[in-house]
Amino acid sequence: MFRTSLSRTTARAVRTISTTATKSSSIPLRICGRGTGTQQTITMKDKPYSIQTDTYPILGGADSAPSPVAYSLASLTSCNQVTGAKVAEDHGIKLGQWNVRLDAVLPTDVLIKGKCEGNPNWESVKLFVRVQTNILESVKGDNLEADARFRHFVREIERRCPITQLFKRSGVRYESEWLNEAL
């Protein structure tokens, strides 16, 4: 068995409060994976559901389930929506339907070809979001005020979304376009 241990420069005590997060606590997570070849079943501690992963044939997979890289992009789109729901709640904004698309480019020189130079991270990620809000209605049709309030809403989502921050801080070229639609 091969094990790798990484030391941390700062020690932190693990404090489990409960499996339900409160407003002032952290959310404890434990993810477990089990599989063979390129396929894996991933479970979450104390949750009844699981997800399956596989990969593309170019990486030796059967493409029988979404790949880990597809899940990373799916987590970005859905985390923006989840964070947006929380931000809307905090700011008194009513939301309707979300339509989210994401375009990304993943270079293959390191991942597939094994080159020593390069970066296996995403080259670029562009998020397109259309979301229905009551912002225009709430400012009684004042388009300038509505635009300012929607821009603030988007900035707050992107600031608070942990997956957006993970992508942005990783060095990937990150762009997003948001469109406010009437509820």
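1. A polar contact here is a pair of N or O atoms within 3.5 Å; within protein, one must be able to donate a hydrogen and the other to accept it, and residues adjacent in sequence count only if both atoms are side-chain atoms. There's one at the start of H3, where a side-chain oxygen of Asp142 comes to within 3.2 Å of the backbone nitrogen of Leu144.

2. Ground rules: this is a predicted model, with local features needing pLDDT of at least 70, side-chain atom pairs counting only at pLDDT 80 or more, and totals for chains, interfaces and linings using all residues. Residues are numbered from 1 along each chain as its sequence is written, and side-chain values use heavy atoms, leaving out hydrogens and water.

3. On to H3 itself. Helices (H or I, at least four residues) and strands (E, at least two) are DSSP runs, numbered from the N terminus. H3 has 18 residues and spans 26 Å from first C-alpha to last, close to the expected 26 Å (1.5 Å times one less than the number of residues).

4. What does H3 bury, and against what? Its buried residues (under 20% relative accessible area; exposed is over 50%, partly exposed in between; 1.4 Å probe, protein chains only) are Ala146, Phe150, Phe153, Val154, Glu156, Ile157 and Glu158. They pack (heavy atoms within 4.5 Å) against H1, S4, S5, H2, H4 and S6.

5. Now the backbone. Most residues other than glycine have a negative phi. Lys140, in the loop between H2 and H3, has a positive phi near 55° and is exposed at 75% relative accessibility.

6. Asp63 also has a positive phi, about 55°. Asp63 sits in the loop between S3 and H1, partly exposed at 44%.
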